[in-house]
Amino acid sequence: MIERPETAVPSITQRNLEGYVGFANLPNQVYRKSVKRGFEFTLMVVGESGLGKSTLINSLFLTDLYSKDYPGPSQRIKKTVQVEQSKVLIKEGGVQLTLTIVDTPGFGDAVDNSNCWQPVINYIDSKCEDFLNAESRVNRRSMPDNRVHCCLYFIAPSGHGLKPLDIEFMKRLHDKVNVIPLIAKADTLTPEECQLFKKQIMKEIQEHKIKIYEFPDTEDDEDNKLIRKIKEKMPLAVVGSNVVIEVNGKKVRGRQYPWGVAEVENGEHCDFTVLRNMLIRTHMQDLKDVTNNVHYENYRSKKLAAVTCNGVDTTKTKGQLTKSPLAQMEEERREHVMKMKKMEAEMEQVFEMKVKEKKQKLKDSEAELERRHEQMKRNLEAQYKDLEEKRRVFEDEKNNWEAQQRILEQQKLDASKSVNKSKEKFF
Amino acid sequence: TDIFSVLKGGGSTLLGYIGIDTIIEQMRKKTMKTGFEFNIMVVGHSGLGKSTLVNTLFKSQVSRKSAGWARDEKIPKTVEIKSVSHVIEEGGVKMKLTVVDTPGFGDQINNDNCWEPISKYINEQFEKFLKEEVNITRKKRIPDTRVHCCIYFISPTGHTLRQLDMEFMKRLSHSVNIIPVIAKADTMTIEERQEFKQRVRKELEMSGIEFYPQKEFDDDMEDKSDNDKIRETMPFAVVGSDKEYQVNNKRVLGRKTAWGIVEVENPNHCEFAQLRDFLIRSHLQDLKEVTHNIHYETYRAKRLNDNGGLHPISTNGTHDSNL
């Protein structure tokens with residue numbers, strides 16, 4: 001072991017400036033650059049149909065992303081869960097935001113909802129993979145960031161607790177994306193019911209060790225107080241609406257009931273403003289950072305540890321693998337050789353088997369031929385015997401006939417002799 | 001106005017007052033003495049306010065939740081059937097009310113065949129009744145545990161019926177009277193409610209699902225017009241509550257939100273009062289009759305045809321109708 005000589009660790013001393021240098025302008029430069037570049041944000045909404053997801057998106061971004069003509073769940077006939085994305089470009093105060101909303105129609109709507117989370121997981125993974133590939137390319141000028149930065153999960157306001165489907169989904173997605181659970185259609189619940197429900201949900205979330213998105217603590221005390229208040233209100237109970245109603249001379253967005261108007265932006269009625277401020281005004285950048293630093297890195301390390309890399313790619317692994325690249329290569333070569341050997345052995349086996357089969361077949365056909373040969377021979381012999389028999393019969397007949405002829409001739413001769421004798425007698 | 005004109009309608013004119021009309025009074029006295037049984041089943045996935053609604057309907061703590069079960073009980077892994085019976089009395093009339101609850105329905109991730117335990121339960125009750133009826137020595141009053149009415153709670157999504165709703169109603173509308181209601185109706189504004197109801201009705205019609213009151217069992221024109229009016233407003237959008245609040249110097253049952261109080265019995269707020277009148281005040285007897293004359297008879301015919309008869313049926317004069 002080579003010992004490095006001890007060098008003095010340079011200490012970082014703080015010095016005071018004697019004049020104005022100007023690097024205090026750095027944040028402004030960063031700001032100007034980012035504004036020019038524009039921002040991207042991908043938001044995913046998941047929940048059963050009829051929980052007000054589309055209305056909430058419209059209310060959050062004050063646009064009609066889901067217009068009245070957009071086919072609602074009543075007209076969509078789905079057999080499986082789809083994942084649809086819609087992009088919209090919004091500009092405000094010179095800052096432009098490319099907002100992508102990913103919707104999951106059909107989630108939880110069927111009678112049998114096993115694995116309805118699979119299309120969602122596949123989508124998130126595919127976006128991470130796209131980013132990984134883009135990052136690994138040689139030419140990295142344009143790297144569009146389509147990774148899902150935040151997933152809003154809508155919980156139905158039953159007032160009791162989480163459903164098995166909710167728990168399953170959140171358990172599977174909490175380490176892939178920032179999950180923010182929301183209580184949908186919160187105007188169904190009275191304030192007391194809402195409190196009980198929130199407590200019950202948080203209890204169950206802790207029981208099942210689900211890691212929902214946590215707001216980071218900042219150094220600022222003021223901000224911390226705000227953050228603590230938000231944490232107490234989790235999960236946020238939201239109501240969505242873009243319909244403007246007049247209440248006490250003021251125009252507010254809300255829902256009109258015979259017994260009153262539920263105002264969307266009233267903090268006493270629901271937590272919509274908290275959600276909007278948190279999502280857009282204060283924590284959008286943090287959501288993107290957590291996605292990039294935590295969820296994406298998790299995906300990346302898992303993916304790269306599993307990939308069998310060739311020589312070219314080993315240079316990219318930043319030492320996150322447990323073995324050195326050369327050892328990895330060696331192991332792979334060994335594996336490859338073993339695989340080849342195994343294939344060879346298998347092929348030999350197959351070959352032997354085939355040869356045996358063919359031999360057997362040939363033997364069989366040989367035996368068959370012999371049999372037939374025997375049979376034909378026997379047939380032939382039988383015919384021969386038959387023929388012999390017939391010949392004998394014929395010979396016998398012939399002999400008989402000849403014998404008969406001779407007798408006849410003899411008789412004739414005798415007869416002619418006697419006639420001659422009698423003739424002679426007369427003369 | 002006088003008895004003669006009333007009695008003349010039938011045929012022969014009567015020459016004096018006989019007193020046939022007092023039969024109504026006799027029946028009333030008898031019914032009051034014997035009381036009656038009513039079995040109601042509530043089906044719907046958890047969190048739709050089933051127990052609260054039943055409590056509100058019968059203005060007493062009759063649901064399973066009030067009979068000592070914990071509020072945050074875990075969702076059972078399979079559908080269970082739990083029934084709770086109470087005897088409630090009003091105006092001298094006693095009613096044995098049995099509420100059958102179905103916790104676990106529609107709550108799992110995979111809800112295939114979650115209607116089977118319910119179907120089995122309903123048929124079991126028919127079977128029990130059939131066995132008693134077919135006995136040689138029958139009881140004077142056969143205890144009636146058959147389900148007279150099944151209230152199905154539809155989730156107020158605002159869009160359409162869910163697939164599970166359709167499957168359940170399709171399979172059970174022929175063995176029991178199904179009354180669909182829209183639960184937690186304070187989720188929707190009045191316009192949303194109307195649209196939703198229309199869509200639900202259309203869907204039910206297109207799938208051939210007949211809910212109670214079924215069109216084919218209307219006896220006469222009067223019934224038909226009454227029932228038509230009811231069918232136009234079904235499914236009823238209901239809100240349940242067992243808490244009272246003060247509104248305009250009146251104590252009303254309601255739900256207090258930050259923007260107002262939802263009054264349960266106010267017809268402008270929800271249709272609970274209509275459901276209650278329909279279920280209890282006008283069609284209670286009809287529900288029992290349809291269950292006995294139609295659903296039970298269908299079951300009985302099927303059973304006897306399949307089996308070629310059970311036990312010999314004795315011809316023991318008239319037995320007390322327990323309707």
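**Figure 1. Strand 1 of chain B and the place of B:F36.** In this predicted model, B:F36 lies in strand 1 of chain B, which spans residues 36-43. Because its relative accessibility is 19%, B:F36 counts as buried, the cut-off being under 20%. Leaving aside residues up to four places away in sequence, B:F36 touches B:T31, B:V93, B:K94, B:M95, B:K96, B:L284, B:Q285 and B:K288. B:T137 stands 101 residues from B:F36 in sequence, and the two C-alpha atoms are 23 Å apart in space.

**Figure 2. The largest nonpolar core.** This core comprises 78 residues. Those with the most contacts inside the core are B:I40, B:M41, B:F105, B:I118, B:I151, B:F168 and B:I179. Helix 4 of chain B (residues 116-134) gives the most to the core, contributing seven residues. In soluble globular proteins, nonpolar side chains tend to be buried together.

**Figure 3. Surroundings of B:I151.** B:I151 is among the residues with the most contacts inside the largest nonpolar core. When residues up to four places away in sequence are not counted, B:I151 touches B:I40, B:M41, B:V42, B:V43, B:L57, B:I179, B:V181 and B:L279. Of these partners, B:I40, B:M41 and B:I179 are likewise listed among the residues with the most contacts inside the core.

**Figure 4. Extent of the interface between chain B and chain A.** Chain B supplies 42 residues to the contact and chain A supplies 41 residues. The area buried between the two chains is about 3,400 Å², and carbon and sulfur atoms give 55% of that area. On the side of chain B, the residues that lose the most area to chain A are B:I109, B:T187 and B:W259, which together account for 25% of what that side buries.

Figure 5. Three salt bridges are found across the interface of chain B and chain A. In a salt bridge between A:R255 and B:E192, the side chains meet at 2.8 Å, N to O. On the side of chain B that touches chain A, the elements giving two or more residues are helix 5 (163-172), helix 6 (190-206), strand 8 (250-257) and strand 9 (260-263) of chain B. Helix 6 of chain B gives the most to that side, with four residues. The residues of this side of chain B divide into eleven nonpolar, 16 polar and 15 charged.

Conventions:
Residues are numbered from 1 along each chain as its sequence is written. Chains are lettered from A and ligands numbered from 1 in the order in which they are written. This is a predicted model: local features need pLDDT of at least 70, side-chain atom pairs count only at pLDDT 80 or more; totals for chains, interfaces and linings use all residues. Side-chain values use heavy atoms; hydrogens and water are left out. A nonpolar core is a set of buried Ala, Val, Leu, Ile, Met, Phe, Trp, Tyr and Cys residues joined through side-chain atoms within 4.5 Å. Buried means under 20% relative accessible area, exposed over 50%, partly exposed in between (1.4 Å probe, protein chains only). Contact means heavy atoms within 4.5 Å. Buried area is the accessible area (1.4 Å probe) that two parts lose on being put together, summed over both. A salt bridge is a side-chain nitrogen of Lys or Arg within 4 Å of a carboxyl oxygen of Asp or Glu. Ala, Val, Leu, Ile, Met, Phe, Trp, Tyr, Cys and Pro count as nonpolar, Asp, Glu, Lys and Arg as charged, and the others, Gly among them, as polar.
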